[in-house]
Amino acid sequence: MASLLSPAAAPVPQARQPLWISSPRAVPHAARLRSGAARQPVRCSAAPGGFRRRNRCWLAGDREVGGPGFRGAELGVPDGAAGVLVGAVDAYLLAPLQLGLDRLLGRRNLRMSDFVLGERLGEGSFGVVYYGAIVPKDVTIEERVGKRRTRLEVDDRFKEKVILKKIKVGTKGAEECGEFEEWFNYRVSRAAPESCAEFLGSFIADRTVSEFTKGGKWLVWKFEGNRNLADYIRDRSFPLNLESIMFGRVLQGTDAIKRNALIIKQVMRQIITSLKKIHDTGIVHRDIKPANLVVTRKGQIKLIDFGAATDLRIGKNYEPDRGLLDPDYCPPELYVLPEETPEPPAEPIAAILSPFLWQLNSPDLFDMYSAGIILMQMAVPSLRSSAGLKNFNSELKTFGYDLSRWRESTRSRPDLSILDLDSGRGWDLATKLISERGNLGRGRLTAAAALRHPYFLLGGDQAASILSRLSLSR
Ligand SMILES: Nc1ncnc2c1ncn2[C@@H]1O[C@H](COP(=O)(O)OP(=O)(O)OP(=O)(O)O)[C@@H](O)[C@H]1O
């Protein structure tokens, strides 16, 4: 146990499956990503073995990150630790209970013939995502599977819209990734149902027809909204294109920059609130980015794509050398836990020890860095394009992930006026999310501490949101 809790003293692990920690073989990939060589989301595969250099990245940058209006002691305080223990109750008690109940109510008995496919929305490394619908009971079987309906949106027989993800057949690692994604979706549907897209379950295709391959696995979610945050950010009218769904007409009359700032604050509040909920139960998403945040018709922001997530209570999916890392949003340390942490013991023991590991390493700060990048991207117009963001990231790396140094020295003349409002509270928050890990791997705000930051304390966005709901209910 001593070696488990003391990363420095821990032996370098051999690559075995599953790993609770990253394998030393992953370091060349870490170096490659840090050097900016990887420009696309990368699934790191193992490099030739024997590479034993310690990745000290998580210990680097022991700077004082405190700033005006904020208590330094709150930086990196591991609020999630108690919740991680509660998470163990979920895994060993609630999960089997849910399984039993779902089976009793027939909720997990999805079949291929329950759905009709619409257009293809995207393709990741391991899955292809389609728009689809639940086939009502009164629709004849011939009209169901095999018929691809590209105009589902306008066909009013299909009211219950869904998202279907086909797990690729024959792609190495795809099946395993699909299993993890399913596991995490059940898990978050218990831990933080309102923060994530509603998961309906999975089915195995029972024949080969159209997009279906016999034996292939499909995951199904409720369709939560037409656009994700990346779609909104790409639009020239951002953030005003979110104003009506978030606040109705309430903000009209307020000056333009304040309107923009309130919308961005509301988006950030929702993202960080959802992160707090999943972190409280031991889950780190590891792929927080605008494309993985769906905006619902009611202006709620829901997390999707738990394919790269990890649950530190039991080491679930903790194989960082194969982790999906988007270089535009992932933090400099790249991996959730330092590489010296040994592999997990048996599940129940890991669950008991995980609060200590959480205390030591604050792995949740991985997601908080990504949240900081999203804040910068939303608030600074020149960072909304993919080229602008890449340039920002490469400058940031040059300045040692120190946002203040970036501000002093960047040649890009960014417009930081939204962040500078209210005595620079937004800017102060950004500097406390985007940084290297400090002493003992801390040095960034946890989700709970971020929500207590003065940026969120002036709750103009909340007041506007309440007013908007009141005026709608009249
Ligand atoms: N529940 C949902 N409601 C509405 N839209 C969704 C939902 N789930 C996914 N989408 C849309 O589909 C897109 C792709 O989804 P997702 O990110 O899960 O798959 P992917 O990244 O292509 O696959 P992979 O898991 O292999 O990375 C999202 O960016 C989003 O726009």
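## Close-up views of a predicted model

**View 1. A proline sits in the loop between two helices.** P239 is found in the loop between α5 (229–234) and α6 (243–247). Helices here are DSSP runs of H or I with at least four residues, strands are runs of E with at least two, and both are numbered from the N terminus. The peptide bond from F238 to P239 is cis, with omega near 5°. Most peptide bonds are trans. This is a predicted model: local features need pLDDT of at least 70, side-chain atom pairs count only at pLDDT 80 or more, and totals for chains, interfaces and linings use all residues. Residues are numbered from 1 along each chain as its sequence is written, and side-chain values use heavy atoms, with hydrogens and water left out.

**View 2. Five strands form an open sheet.** The order is β2-β3-β4-β6-β5, and the pairing is antiparallel. Two strands pair if DSSP finds at least two bridges between them. β2 (115–123) and β5 (199–204) stand at the edges with a single partner strand each, so one side of each has no neighbour in the sheet. On average, neighbouring strands of this sheet are turned by 25° against each other, direction ignored.

**View 3. β4 meets β6, and a helix packs on the sheet.** Strand β4 (residues 161–167) pairs with strand β6 (residues 217–222) in the antiparallel sense over five bridges. L164 stands opposite V220 in β6. Helix α4 (residues 174–191) packs on the sheet and touches β4, β5 and β6. Contact means heavy atoms within 4.5 Å. The direction of α4 makes about 30° with that of β6. Axes are lines fitted to C-alpha atoms, for helices over the stretch in contact, and angles run from 0 to 180 degrees between N-to-C directions.

View 4. How many residues surround the ligand? There are 20, and the closest are K165, K222, E224, N228 and A291. A residue counts as near if one of its heavy atoms lies within 4 Å. A polar side-chain atom of K165 lies 2.5 Å from an oxygen atom of the ligand. For D305, a polar side-chain atom lies 3.2 Å from a ligand oxygen atom. Taken alone, the ligand exposes 620 Å², and the protein buries 86% of that. Such areas come from the Shrake-Rupley method with a 1.4 Å probe. The elements giving two or more residues to the shell are β3 (127–134), β4 and β6.

**View 5. Three strands form an open sheet.** The order is β7-β9-β10, with antiparallel pairing. The edge strands, β7 (227–228) and β10 (301–303), each pair on one side only. Strand β9 (residues 293–295) pairs with β10 over three bridges. The bridge partner of V295 in β10 is I301. Helix α7 (residues 256–280) packs on this sheet, touching β9 and β10. The direction of α7 makes about 35° with that of β10.

**View 6. A positive phi in a loop.** Where does D305 lie? D305 is in the loop between β10 and β11 (310–311). D305 has a positive phi of about 65°, although it is not a glycine. Most residues other than glycine have a negative phi.

Conventions. Polar contact = N/O pair within 3.5 Å; in protein donor to acceptor, adjacent residues only side chain to side chain.
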